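Please look at the sequence and the 3D structure below before reading on.

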Amino acid sequence: MVAIGILIRETKMKKLLIAIVVLVAVGAGAAYYLSSNAGGIIRDGVVEYLPPMIGADVELARVNLDARAGSASLNNLVIYNPEGFNSDHAFKIDNMSLKLDIQSLTSDVIHINEVRLEAPDMIYEIGRNGNNVGRLQENVTKYVESLNLESSDSELKYIIDHVYINGTKVKIVSDLLGGRGAGVTLPDLHITDIGKRENGAIATDVLKQILGVVNASVSKVAQSEVLGDVVGGAKDAAGNVVKGLEDKVVDQVGSKLKGLIPQ
C-alpha cells in the first residue's frame with residue numbers, strides 16, 4: 001500500500017478525486033488510503049468538484065473505505081437541480097457501493113469492477129426548457145468543452161465492468177401541470193463495459209453515459225405515465241365542450257409535453 005502512495009503523483013491524486021465525483025467513483029480515492037481521514041478527504045472532494053461539472057449543488061454525508069477489500073461506499077448523497085428547476089432534488093442516494101481493482105491505481109486506466117446503487121430517490125422534472133436530468137447532461141458537455149478535456153491525453157481514464165441501478169423510485173413532476181405528476185419505479189438498469197472498447201473513458205464521458213441511460217429509461221415512463229394522465233385529464237375537463245375543441249386542447253398539451261421529453 002505504501003508503494004501505491006509513492007507511485008501516484010499529487011496531480012494524479014487530484015484527478016482521481018475529481019473522478020470519484022463524476023461517477024461518484026469512490027474507488028479512485030484509494031490513493032488516499034494512507035490518510036487517517038481518507039473518507040473525509042473524498043467527501044470534501046465530491047462536494048467541491050462535482051457542482052461545477054453538473055451545474056448543481058451536491059451534499060454527501062460520509063464515505064467509508066475498505067482498503068484491503070478494494071471497496072467503498074457513499075452514504076446520503078444528494079444531487080440538487082440545475083438552475084431553472086424547482087423540485088427538491090434530482091437524485092437522492094442513501095447508499096452507493098463500489099468495488100475496484102486496486103492494482104489499476106498505478107496506471108492511467110482505472111479498472112472499476114462494479115458500481116451499485118440501490119433504490120435511489122429521483123425527481124424527474126419537466127419544465128418549459130426541457131427536463132432536469134437532460135440539463136445535467138448538457139452542463140457536463142459544456143464543462144468538458146470549456147476545459148477541452150476530450151483532447152487531453154493526460155486525463156485519467158476508466159473502464160467499468162458493471163453499473164447496477166436498481167429499484168429507482170421516480171416522482172415525475174411538471175410546472176406545466178401545476179406540479180402535478182406521477183410516482184413510479186423504474187425497471188432495473190444494468191450498464192456494462194463502459195470505456196472498454198476505447199481502452200478507457202474520461203470521467204466526464206462516464207458520467208454522461210450513465211445520465212444518458214437513466215434519462216432514456218425515465219423518459220419512456222414519463223411519456224406513458226404523465227402524457228397519458230394529461231391527455232385523460234384534458235378529455236375529462238373538456239366534458240361539456242364540443243368535440244373539436246376537446247381534441248385541440250389534448251393535442252396542444254400533449255405535443256408541448258412530448259417536446260420536453262426525449263423520445
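## The start and end of helix α4

At the start of α4, Asn 131 has a side-chain oxygen that comes to within 3.2 Å of the backbone nitrogen of Val 133. The model is a predicted one, in which local features need pLDDT of at least 70 and side-chain atom pairs count only at pLDDT 80 or more, while totals for chains, interfaces and linings use all residues. Residues are numbered from 1 along each chain as its sequence is written, and side-chain values use heavy atoms, with hydrogens and water left out.

Helices here are DSSP runs (H or I, at least four residues), numbered from the N terminus. With 16 residues, α4 reaches 23 Å from its first C-alpha to its last, close to the 22 Å expected at 1.5 Å a residue, where the expected span is 1.5 Å times one less than the number of residues. After α4 comes Asn 148, whose phi is positive, near 55°.

## Arg 135 within the helix

Arg 135 lies in α4, which covers residues 132-147, and is buried, with a relative accessible area of 19% (buried means under 20% relative accessible area, with a 1.4 Å probe and protein chains only). Leaving aside neighbours within four places in sequence, Arg 135 is in contact (heavy atoms within 4.5 Å) with Pro 82, Glu 83, Phe 85 and Asn 129.

Conventions
Helix = DSSP H or I, 4+ residues; strand = E, 2+ residues; numbered from the N terminus. Buried < 20%, exposed > 50% of the residue type's maximum accessible area, 1.4 Å probe, protein only. Polar contact = N/O pair within 3.5 Å; in protein donor to acceptor, adjacent residues only side chain to side chain.
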